Amino acid sequence: MSRLHSERHLVARIGWLRAAVLGANDGIVSTASLIVGVAAANPDKGAILLAGAAGLVAGAMSMAAGEYVSVSSQSDTEKADLARERAELAADPDAELDELAGLYVARGVAPEVARQVAEQLMAKDAIGAHARDELGISAHTTARPIQAALTSAATFTVGAALPLAIVLLVPAAWLTVTVALAALSCLAVLGAVGAGAGGAGVWRSVVRVTFWGAAAMALTAGIGRLFGAVV
């Protein structure tokens with residue numbers, strides 16, 4: 001008798017993990033870049049703090065709205081596909097049975113076995129079988145707009161709070177360098193945590209997020225210094 005063993009799969013995290021990593025990453029990068037850019041143009045801490053706070057609020061709301069609209073569109077598409085599949089099952093169940101069996105045959109299952117599997121799965125949950133094996137929709141990957149919106153907004157706020165805290169604590173002369181180094185350090189940690197939670201390679205994720213974060217801050221600092229000099 002074979003002994004059962006437990007397995008821990010990470011695909012169930014894909015919905016909230018994507019939104020969380022995206023929100024925190026954007027919160028750090030956009031707010032730190034905004035602060036660095038404004039500081040390069042105008043070293044007044046009051047102006048920098050106001051710009052950073054406005055960026056935090058606007059960014060969190062933008063992330064929530066963007067995630068909700070984007071994931072809602074995905075959810076609407078999934079619902080439309082499921083409704084179409086239900087109609088096809090009601091209109092011609094035999095053709096849908098042949099279609100499901102054909103999918104299993106294409107994956108390497110013997111035709112007779114594929115037919116039996118398709119019949120048994122459709123007898124238990126026809127729409128569930130077609131959603132999973134024909135449409136690629138499952139409970140783990142289905143779109144959840146509200147979860148994505150709240151997760152992105154919350155993690156954006158947390159990420160953006162770090163550069164703002166540095167503005168309050170660090171002297172103006174050290175502000176640009178400190179914000180940049182702290183942001184890059186947090187991005188590296190975020191990349192490692194996100195990769196670990198998703199079971200992916202850590203170093204590639206760390207290099208990716210820190211590179212683009214550094215590029216964003218360098219570009220905004222250059223623009224701030226250019227326009228600051230012009231004004």
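This note reviews the fold, core, surface and side-chain contacts of the structure above in numbered points.

1. Basis. The model is predicted: local features need pLDDT of at least 70, side-chain atom pairs count only at pLDDT 80 or more, and totals for chains, interfaces and linings use all residues. Residues are numbered from 1 along each chain as its sequence is written, and side-chain values use heavy atoms, with hydrogens and water left out.

2. Fold. The protein chain contains seven helices and zero strands, in the order α-α-α-α-α-α-α along the sequence. Helices (H or I, at least four residues) and strands (E, at least two) are DSSP runs, numbered from the N terminus. Of the 231 residues in the protein chain, 35% are buried. Here buried means under 20% relative accessible area, exposed means over 50%, and partly exposed lies in between (1.4 Å probe, protein chains only).

3. Nonpolar core. The largest nonpolar core has 25 residues, and those with the most contacts inside it are Ile35, Ile48, Ile166, Leu175 and Val179. Two or more residues each come from α1 (14-41), α2, α5, α6 (175-198) and α7 (202-230). The most is given by α1, with seven residues. A core of this kind is a set of buried Ala, Val, Leu, Ile, Met, Phe, Trp, Tyr and Cys residues joined through side-chain atoms within 4.5 Å. In soluble globular proteins, nonpolar side chains tend to be buried together.

4. Nonpolar surface patch. Tyr68, Val69, Ile146 and Leu150 form a nonpolar patch on the surface, with about 430 Å² of accessible area together. The elements giving two or more residues to the patch are α2 and α5 (145-169). Patches consist of residues with over 30% relative accessible area and no salt bridge; like charges are joined within 9 Å, and nonpolar side chains (Val, Leu, Ile, Met, Phe, Trp, Tyr) within 5 Å. Accessible areas come from the Shrake-Rupley method with a 1.4 Å probe, and for residues only the protein chains shown count as cover. Val69 lies in helix α2 and is exposed, with a relative accessible area of 53%.

5. Ser72 and Tyr68. Ser72 is also found in helix α2, but counts as buried at 14% relative accessibility. The side chain of Ser72 reaches the backbone oxygen of Tyr68 at 2.6 Å. The polar contact criterion is a pair of N or O atoms within 3.5 Å; within protein, one must be able to donate a hydrogen and the other to accept it, and residues adjacent in sequence count only if both atoms are side-chain atoms.

6. Asp92 and Ala95. Asp92 sits in the loop between α2 (45-91) and α3 (93-106) and is partly exposed, with a relative accessible area of 39%. A polar atom of the Asp92 side chain lies 3.2 Å from the backbone nitrogen of Ala95.

7. The model has five salt bridges, each defined as a side-chain nitrogen of Lys or Arg within 4 Å of a carboxyl oxygen of Asp or Glu. Arg115 and Asp98 form one of them, at 2.2 Å from N to O. This pair links distant parts of the chain, with Arg115 in helix α4 (residues 111-133) and Asp98 in helix α3, 17 residues apart. Arg115 is partly exposed at 31% relative accessible area, and Asp98 is partly exposed at 43%.

8. Salt bridges at Asp133. The side chains of Arg107 and Asp133 meet in a salt bridge at 3.6 Å, N to O. Arg107 lies in the loop between α3 and α4 and Asp133 in helix α4, so the pair ties together parts that are 26 residues apart in sequence. Arg107 counts as exposed at 52% relative accessibility, whereas Asp133 is buried at 14%. Arg132 and Asp133 also meet in a salt bridge, at 3.7 Å from N to O; Arg132 counts as partly exposed at 41% relative accessibility. Elsewhere, salt bridges that share partners join Asp98, Arg115 and Glu119 into one network.

9. Aromatic pair. The structure holds one aromatic pair. The ring centres of Phe211 and Trp212 are 5.1 Å apart and the planes stand at 80 degrees, so the pair is edge-to-face. By the rule used, rings of Phe, Tyr and Trp (its six-membered ring) pair if their centres lie within 6.5 Å; planes under 30 degrees apart count as stacked, over 60 as edge-to-face and the rest as tilted. Both Phe211 and Trp212 are exposed.
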